[in-house]
Amino acid sequence: MPMSLPQHNSSSGLAASQVGGAERENLAACVPSAASIQEFSGEERGLLLRLAHDSICATLENREISLESPTPHFAEHRGAFTSLYLRGELRGCVGYVLPSCPLYRAVAETARAAAFNDNRFSPLSREEAAHLKIELSILSPPRPIKAEEIEIGRHGLLISWRGRRGLLLPQVPVEHDWDRTTFLEQTCRKAGLPLDAWKKGATVEAFSAEVFGEKVTGEQNSQ
């Protein structure tokens with residue numbers, strides 16, 4: 001099925017660190033990680049990264065691409081985030097928190113949205129696209145978890161309460177040297193909840209992420 005041009009105000013199901021009624025938002029903190037579980041082969045990783053680039057270029061060139069999954073693995077419904085970097089700086093990051101569509105489509109759609117619909121940045125230009133570096137985070141389905149079971153560096157968190165939802169990827173607490181309690185508090189903060197909401201009835205879920213991408217270089221790191 002071909003992919004059409006993005007609709008800036010569409011409610012496509014893209015979601016991120018905080019959801020308060022609207023399903024589609026950008027992720028406020030996307031940082032690279034050196035440690036990641038490996039489910040996808042080098043060939044599969046390369047194919048998904050090329051797909052992300054092609055999705056962005058297709059939008060700039062006003063053409064369509066096929067979103068039919070080429071393998072059963074890519075047809076699995078998975079959450080995914082696409083992070084864009086330009087000269088070492090974050091240039092956009094958008095993702096699906098929940099596995100709402102096949103992975104192949106999720107990568108294409110989140111790449112396009114990160115390039116053109118992340119409201120923290122202006123839409124990506126053709127010149128910028130030529131120098132873009134891409135990082136993908138492929139998420140496992142979230143599952144309920146007790147606070148004491150959370151492992152820093154292994155688990156990402158999704159905390160939900162009273163119509164709000166906050167998410168942080170597994171690499172975030174590693175990058176900031178947070179302990180388990182700080183990680184829980186900062187995920188609550190992302191949701192716009194009190195820092196101790198995780199103790200007072202909020203739903204706490206964990207997921208893992210396989211993070212891979214192109215080497216990010218530049219005058220300054222993204223964080």
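Reader: Leaving aside its neighbours within four places in sequence, what is leucine 136 in contact with?

Author: Leucine 136 is in contact with Leu48, Leu49, Phe81, Thr82, Val107, Glu210, Val211 and Phe212, where contact means heavy atoms within 4.5 Å. This is a predicted model, in which local features need pLDDT of at least 70, side-chain atom pairs count only at pLDDT 80 or more, and totals for chains, interfaces and linings use all residues. Residues are numbered from 1 along each chain as its sequence is written, and side-chain values use heavy atoms, with hydrogens and water left out.

Reader: Which residues touch the most other members in the largest nonpolar core?

Author: They are Leu48, Ile56, Leu103, Val107, Ile134, Leu136 and Ile138, in a core of 32 residues. A nonpolar core is a set of buried Ala, Val, Leu, Ile, Met, Phe, Trp, Tyr and Cys residues joined through side-chain atoms within 4.5 Å; buried means under 20% relative accessible area, exposed over 50% and partly exposed in between, with a 1.4 Å probe and protein chains only.

Reader: And which element gives the most to this core?

Author: That is α3, with 10 residues. Helices (H or I, at least four residues) and strands (E, at least two) are DSSP runs, numbered from the N terminus.

Reader: Is α3 largely enclosed or exposed?

Author: Helix α3 is largely enclosed by the rest of the structure, because 14 of its 14 residues are buried.

Reader: What other core is there?

Author: Another core, of 29 residues, lies apart from the largest one; Cys93, Val172, Ala202 and Val211 are among its members.

Reader: Changing topic, how many aromatic pairs does the structure hold?

Author: There are 2 aromatic pairs. Rings of Phe, Tyr and Trp (its six-membered ring) pair if their centres lie within 6.5 Å; planes under 30 degrees apart count as stacked, over 60 as edge-to-face and the rest as tilted.

Reader: Why is the pair of phenylalanine 74 and tyrosine 104 classed as it is?

Author: Their ring centres are 6.0 Å apart and their planes are at 25 degrees, so this pair is stacked. Phenylalanine 74 sits in helix α2 (residues 72-75) and tyrosine 104 in helix α3 (residues 103-116), 30 residues apart.
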